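I opened this notebook to record what I looked up, entry by entry.

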Amino acid sequence: MFGPAFLHAAALLIVAVVSGWMAAVAFARPHVPGGRAFGWMNVAMGWWCLTGALHAVPQGPDVRLLWAKMQLAGIAAVPPLWLVFAANYARAPWTRIRATRRVLGIVGILMVATAATNAQHHLYWAGVTQAGDRVVYHHGPLFWAAVVWDYGLIGA
């Protein structure tokens, strides 16, 4: 009755709800160092999990690709928000420099834009194929650049 796709989607929905609750708690405490960034990071994680749950439900590759593109907004936002949260919590002075925060945001926006326009250039996903109930993404160079960027931010 409850297959792996259902359990996967259910777990992601639970995490999305928990992330929403954590965001609400963080926004209710604006005086805590890093609180706003932590709140927005949880909003991004909630979006990532919600769209991931919808992506996990067996459906055609075109619909799943749409969910993957929408999911990318959360995926692109979590690493820079994690870095800003950690730096704000540690009271690092660079977090007060607006240009630095803008660069972090612009790179995320470019990641989402390249995935959204992938049909024109195939640089984010070189191809998407159906394999039974699964969709297989063949990653392009912009995907790997995003991976390096995201893990670099998390590592920092």
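I looked up the strand pairing and found strand 1 (residues 125–131) and strand 2 (residues 134–139) running antiparallel, joined by six bridges. Strands are DSSP runs of E with at least two residues, numbered from the N terminus, and two strands pair if DSSP finds at least two bridges between them. The model is predicted, with pLDDT of at least 70 needed for local features and 80 or more for side-chain atom pairs, while totals for chains, interfaces and linings use all residues. Residues are numbered from 1 along each chain as its sequence is written, and side-chain values use heavy atoms, without hydrogens and water.

I next examined the turn. The two strands form a hairpin with two residues between them, and Gly132 in the turn has a positive phi of about 70°. Ala131 has Arg134 of strand 2 as its bridge partner.

Is Arg134 buried or exposed? I noted that Arg134 is exposed because its relative accessible area is 56% (exposed is over 50%, buried under 20%, partly exposed in between, with a 1.4 Å probe and protein chains only). Leaving aside residues up to four places away in sequence, Arg134 touches Arg64 and Thr129 (contact means heavy atoms within 4.5 Å). Pro58 is 76 residues from Arg134 in sequence, yet their C-alpha atoms are 7.3 Å apart.

I then turned to helix 2, where Leu50 lies (helices are DSSP runs of H or I with at least four residues). Leu50 counts as partly exposed because its relative accessibility is 34%.
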